[in-house]
Amino acid sequence: MFVDSHCHLSFPELAQDLPGVLQRMRDSNVVAALNVCTTLTEFPAVLAVAEQHSHIVASVGVHPDSQDTEEPTIERLLALADHPKVVAIGETGLDYFRLREPLEWQRTRFRTHIRAARQCRKPLIIHTRASPDDTIRLMQEEGAGEAGGVMHCFTESLAVAEAAMALGFYISFSGIVTFKNARALQEVARAVPLDRLLIETDSPYLAPVPYRGKTNEPSFVPKVAQKLAELKNITVDEVAAGSTANFFSLLRILSDKPVTPEQMPVGAPSAS
């Protein structure tokens with residue numbers, strides 16, 4: 001069984017056919033998914049999907065590329081995260097690809113998310129693009145390792161992956177790893193240990209081969225697992241089992257018996 005550790009079911013491309021998307025998930029043995037929030041305005045729709053479907057969980061956060069939107073505060077994030085179906089903070093991070101300095105507002109926003117995650121003891125979903133040094137620096141300065149989390153849709157170097165793993169973070173690979181021109185990323189995927197690896201779609205974007213160019217959806221995540229199995233010279237079952245176990249461990253979701261699409265345990269054990 002597979003888990004999609006990062007998707008956007010509330011985005012219009014998927015929301016307009018959500019019953020079909022969820023059915024195709026089941027048909028592909030994708031038993032759970034994390035529906036990721038990108039703005040506070042979007043959060044009610046993100047949470048609603050999770051509340052209505054037992055095998056979907058949610059996050060709360062503001063994407064670093066969302067400039068003209070309500071700015072989160074620690075208090076606001078903590079209030080919204082105080083729900084059993086909200087299992088993570090993010091997506092957050094840094095993205096310098098399209099934006100230019102001064103970007104202190106983006107770094108401040110990232111710090112806010114890290115501090116909120118540490119307080120509520122929920123893991124971070126971190127997006128980094130064209131900003132690896134600052135991303136790792138802020139994670140270190142703010143003690144992001146206390147919360148843990150995932151470097152989602154990873155496309156950076158092995159050195160960045162190793163720095164994140166040293167802080168206790170997982171590395172998540174998307175459909176990009178299946179692209180023919182992604183040889184450098186494929187080498188990183190070979191090196192990341194199975195016990196630190198997650199798989200995702202980041203749908204509706206970045207559909208894996210052979211669906212590249214089409215609207216992505218959670219049912220395609222087995223294609224990511226297949227590529228990782230090929231790169232690591234292990235079985236798809238091993239990638240599926242490892243990444244699924246990592247998902248439940250990361251999100252501190254109670255999972256002491258097999259999960260089905262209709263019955264995914266939610267909630268987190270109390271911290272001791």
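**Entry 1: His127**

I began with His127, which, leaving aside neighbours within four places in sequence, is in contact with His63, Pro64, Glu91, Thr92, Gly93, Leu94, Asp95 and His152. Contact here means heavy atoms within 4.5 Å. A note to myself: this is a predicted model, where local features need pLDDT of at least 70, side-chain atom pairs count only at pLDDT 80 or more, and totals for chains, interfaces and linings use all residues. Residues are numbered from 1 along each chain as its sequence is written, and side-chain values use heavy atoms, with hydrogens and water left out.

I found His127 in strand E5 (residues 124–129). Helices (H or I, at least four residues) and strands (E, at least two) are DSSP runs, numbered from the N terminus. Is His127 buried or exposed? His127 is buried, because its relative accessible area is 12%; buried means under 20%, exposed over 50%, and partly exposed in between (1.4 Å probe, protein chains only). I also saw that the side chains of His127 and His63 make a polar contact at 3.4 Å. That term stands for a pair of N or O atoms within 3.5 Å; within protein, one must be able to donate a hydrogen and the other to accept it, and residues adjacent in sequence count only if both atoms are side-chain atoms.

**Entry 2: the nonpolar cores**

Next I looked up the cores. A nonpolar core is a set of buried Ala, Val, Leu, Ile, Met, Phe, Trp, Tyr and Cys residues joined through side-chain atoms within 4.5 Å. The largest one has 70 residues, and Val60, Leu124, Phe154, Ile171, Phe173, Ile199 and Leu228 touch the most other members. Helix H9 gives the most to this core, with six residues. Apart from it I found another core, of 17 residues, including Leu34 and Leu250.

I then checked Val60: not counting residues up to four places away in sequence, Val60 touches Cys37, Leu40, Phe43, Leu77, Leu80, Ala81, Val86, Ala88, Ile89 and Gly90.

**Entry 3: H8 against H9**

How do H8 and H9 lie to each other? The axes of H8 (residues 183–191) and H9 (residues 221–232) come within 9 Å and cross at roughly 75°. The two helices are therefore roughly perpendicular. For the angle, axes are lines fitted to C-alpha atoms, for helices over the stretch in contact, and angles run from 0 to 180 degrees between N-to-C directions. Angles under 35 degrees count as roughly parallel, over 145 as roughly antiparallel, 65 to 115 as roughly perpendicular and the rest as oblique.

In H8, I saw Gln186, Ala189, Arg190 and Ala191 meet Lys227, Leu228, Leu231 and Lys232 in H9. I sorted this contact by class: four nonpolar, one polar and three charged residues. Ala, Val, Leu, Ile, Met, Phe, Trp, Tyr, Cys and Pro count as nonpolar, Asp, Glu, Lys and Arg as charged, and the others, Gly among them, as polar.

Ala191 is partly exposed, at 39% relative accessibility. Ala191 and Leu231 are 40 residues apart in sequence and 9.5 Å apart in space, C-alpha to C-alpha.

I came across two cis peptide bonds: one from Ser203 to Pro204, with omega near 20°, and one from Val209 to Pro210, with omega near 15°. Pro210 is in the loop between E8 and H9.

Asn233 is not a glycine, yet its phi is positive, about 60°. I found Asn233 in the loop between H9 and helix H10 (236–250), and Asn233 counts as exposed at 71% relative accessibility.
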